[in-house]
Amino acid sequence: MTLFRSGLLVLTTPLAALAPRLAPILTSAAQFVNDTLYVHLQPGMSLEGPAQPLSTPVQATFEVLDFISYFYAGANVHPHLDIRILLTNIQSKSAFLPSLASSVQNLAHPPEVVLTDFQTLDGSQYNPVKQQLERYATSCYSCCPTLTSVLLYPDYESAELPVGFTLPSTIRPSSPVARSPKQPVRGYHRGAVGGTFDRLHNAHKVLLSVSCIVAQEQLVVGVADKDLLKGKLLPELLQSYAERVEHLSEFLVDIKPSLAFDIVPLLDPYGPAGSDPSLEFLVVSEETYRGGMAVNRFRHEKDLKELTLYQIQLLHDPGHRENEEDKISSSSSRQRMLGNLLRPPHVRSGLPAGLYVIGLTGISGSGKSAVAQRLKGLGAYVIDCDQLGHRAYTPAGPAYQPVVQAFGTDILHKDGFINRKVLSSRVFGNKKHLKKLTDIMWPVIAKLAREEMDRAVAAGKRVCVIEAAVLLEAGWQSMVHEVWTIVIPETEAVRRIMERDGLSEAAAQSRLQSQMSGQQLVDQSHVVLSTLWEPHVTQLQVEKAWALLQKRIDAIQPF
């Protein structure tokens, strides 16, 4: 079966009958498309007959909105598919038109295949029907010149919903409006919606789709940035603001190009919704409804008209795991990135043959040593650079004489050993002295680490882990294939440092400020882990990362 990168699914079954058929239809479509699947709703359309079918308006009712939400929720079982329900022909009440413009809509990923749930009476791939389908697709959207058409015949027998099933409610207007499935959704000229929109997922798409249907002329989209990101889980793995805006813009223009979009950074809880007098509505989720109420109170204080609030129900994630939210969320997506390879490994020809080297780093208190021991338990040879530093400082060590010559004999204990506390106080806060020390120590530790690598090879190990807090600052990434970073929130790191080392909060924060930040480390890392949760969760992360590492090593042997 041929796989296509992008496809267009034209759904012709009336919505009431389509819901129980949705799962098998999506499963069938997923067998043909492996990336972007556009969906065009045209209930009741026939592809049989001599006349070419036309795209006709579909009135936006609560049933339509509920179906869109139900569709995106069901699409979550096909994570490889980027589903985009096109809204060009779905019109809200005051924007409902008797006909649509005949211009062809450009899509970011022109479909290579057009699929449909329309079925011929004899169940055959009837050529005239397929030709009509291709004509219809190309008359509405930009498609590849060699467009392929497929009539889907899913197994509907297993698609049964409980008797009396109704689509779950998606949208709840703030005012106590009695709503029915066939009730038209009111349209407004200008409205707003906000969020982080990290790794655009299906719950985001419901929020944005409702916003696009309710808005007739312009939609202001606030994208959280800077201070609003500080409380996010695993913020180091958030996409950059520019990346989020790029993906968001592409999605919005794809689903409703007739709408004007104003995408702006959201730097405070109110954003444009709190100050723009021309806005008429605000779309929020169940979680942000209180924030919407706060926006209206803020507007009231500024003598601005209250916004109509539309509250969108959260989408349940049936596949959520331990410590993940039970809703579809970006936080869960970031958690699932832990242990995965984020960028291609380095090719290092100068390392011992047959040895794959991991550089393990992280801010102070992140749990590097604990993770190193877990990797050792799985079979890795661990090199602790802090221990190498201790060895280098001893009277017989390679750094002893250079350090004493550089800093004087007053840094020595009576027994001749270097007093590391005195030495630390001498260099702390003094960049010149610190550089003098690191210029001595870092090359020495790197040489000792290479000697340890040879011992790892002699011991028959194929994975070596170099644990070092200053791995990147020292430039030691040049002697590893991959950098693995442990991340935790700074507040948790401060707590751990205070508890472990008996330092004050100010001293613990000062220690962190003298190091590279977690974000700086992650930006140069191949794999990210976190010790934020219970020990057994950390163990599962490490085992996952280890298993994926073994597959990578097996694929490149010999290295």
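## Exercises around T538 and the cores

In this predicted model, T538 touches V371, R374, S530, T531 and W533, leaving aside residues up to four places away in sequence.

**Exercise 1.** Is T538 buried or exposed?

*Solution.* Start with the location: T538 is found in helix 17. Next, take its relative accessibility, which is 6%. Buried means under 20%, so T538 counts as buried.

**Exercise 2.** Find how far T538 lies from G367, in sequence and in space.

*Solution.* Along the sequence, T538 and G367 are 171 residues apart. In space, their C-alpha atoms are 10.0 Å apart.

**Exercise 3.** Work out how helix 9 and helix 17 are oriented to each other.

*Solution.* First locate the two elements: helix 9 covers residues 368-377 and helix 17 covers residues 535-556. Their axes come within 10 Å and cross at roughly 55°. The helices are therefore oblique to each other. For the handedness, helix 9 passes helix 17 in a right-handed crossing. Finally, look at the residues that meet: V371, R374 and L375 from helix 9, with P535, T538, Q539, V542 and W546 from helix 17.

**Exercise 4.** Which residues touch the most other members of the largest nonpolar core?

*Solution.* The core has 66 residues, and L37, F71, I83 and L115 touch the most other members. At least three of its residues come from each of domain 1 (4-151) and domain 2 (187-312). Apart from this core lies another of 47 residues, including V357, V483, A508 and L521. Now zoom in on L37: among its contacts beyond four places in sequence are L8, L26, L81, I83 and L115.

Terms used. Residues numbered from 1 in each chain as written. Predicted model: local features only at pLDDT ≥ 70, side-chain atom pairs only at ≥ 80, totals over all residues. Heavy atoms only, no water. Core = buried A, V, L, I, M, F, W, Y, C linked by side-chain atoms within 4.5 Å. Buried < 20%, exposed > 50% of the residue type's maximum accessible area, 1.4 Å probe, protein only. Domains from an automatic or database assignment. Contact = heavy atoms within 4.5 Å. Axes fitted to C-alpha atoms, helices over the stretch in contact; angles between N-to-C directions. Helix = DSSP H or I, 4+ residues; strand = E, 2+ residues; numbered from the N terminus. Parallel < 35°, antiparallel > 145°, perpendicular 65-115°, else oblique. Left-handed = near helix turned anticlockwise from the far one by under 90°.
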